[in-house]
Amino acid sequence: MKNHIKAILWKQLKDTIKNKAILIQFIMFPLMTIIMENAMNMQDMPPHFFVNLFGIMYVGMASLTSIAAIIAEEKEKNTLRVLKMCNVRAFEYLIGNAIYIIVICMIGSLIMGLTGGYTGIDLLRFMLIMFVGHICSFLLGATIGLVSKNQMVATSITVPVMMVLSFLPMLSMFNETIKKFSKFLFSEQLYLLVNHLEQIKITWETGVIMIGNIILIIAAFLIIYKKDNI
């Protein structure tokens, strides 16, 4: 099993260097955070504004679009069939991809946290929130990849999904109607948490919504996985 996971991990690392679209997803938001944190200094701007904002956008885009594109591409090219013929199990394939994607995303998240000046317990809390977000996005992206016949279909699904996850938390700051809807998304709850790292409090509402999101995502993945059976 370890050899299969290692093989998948190295394969995806090599493919990422060639696939500029996926590579950009990993680099874009950490780079934007560095630029905006050092270039923008507006009066009355909340502390860590760009770090927190781009951090949640990073959660909603990078891990989700990456795994969806990878699975859809390999389904389209019949690579998954080859892996099955080599006795690579589906969970080994997913674990290999999860290690690869989430580790890279967490490196990007660490760069963002350090850029924003987070240290000590605040940095640890920031990283934990980002980790939970990337796990949720990875599972959601894997579900989209499973249900997509090819990369074009995967893109058509991931674009609106990542727009909702990434931009609704930002828009909810200015619109109460949007906030009433967005509060049911894991990305919105993570955004609320990351904006109160110094006095972080997980309310019953936050706990129920987060657990509900995770259960729904896992349930959708398992249902589609059983039907598709990669």
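Colleague: Which residues have the most contacts inside the largest nonpolar core?

Modeller: Tyr 58, Ile 101, Phe 126 and Phe 186, in a core of 49 residues. A nonpolar core here is a set of buried Ala, Val, Leu, Ile, Met, Phe, Trp, Tyr and Cys residues joined through side-chain atoms within 4.5 Å, with buried meaning under 20% relative accessible area (1.4 Å probe, protein chains only). Mind that this is a predicted model: local features need pLDDT of at least 70, side-chain atom pairs count only at pLDDT 80 or more, and totals for chains, interfaces and linings use all residues. Side-chain values use heavy atoms, without hydrogens and water, and residues are numbered from 1 along each chain as its sequence is written.

Colleague: Ok, which element gives the largest share of that core?

Modeller: α3, with 16 residues. Helices are DSSP runs (H or I, at least four residues), numbered from the N terminus. The protein chain has 10 helices and zero strands.

Colleague: What is Phe 126 in contact with, leaving aside neighbours within four places in sequence?

Modeller: Val 51, Asn 52, Ser 109, Gly 113, Tyr 118, Val 194 and Leu 197. Contact means heavy atoms within 4.5 Å.

Colleague: Switching topic, which residues lie nearest the centre of the largest pocket?

Modeller: Pro 47, Asn 52, Val 194, Asn 195 and His 196, out of 22 lining residues. A pocket is an open set of 1 Å grid points where a 1.4 Å probe fits, with protein on both sides within 12 Å along at least five of seven lines; lining residues have an atom within 4 Å of a point.

Colleague: And which helix gives the most to that lining?

Modeller: α9, with four residues.

Terms used
Helices (H or I, at least four residues) and strands (E, at least two) are DSSP runs, numbered from the N terminus. Buried means under 20% relative accessible area, exposed over 50%, partly exposed in between (1.4 Å probe, protein chains only).
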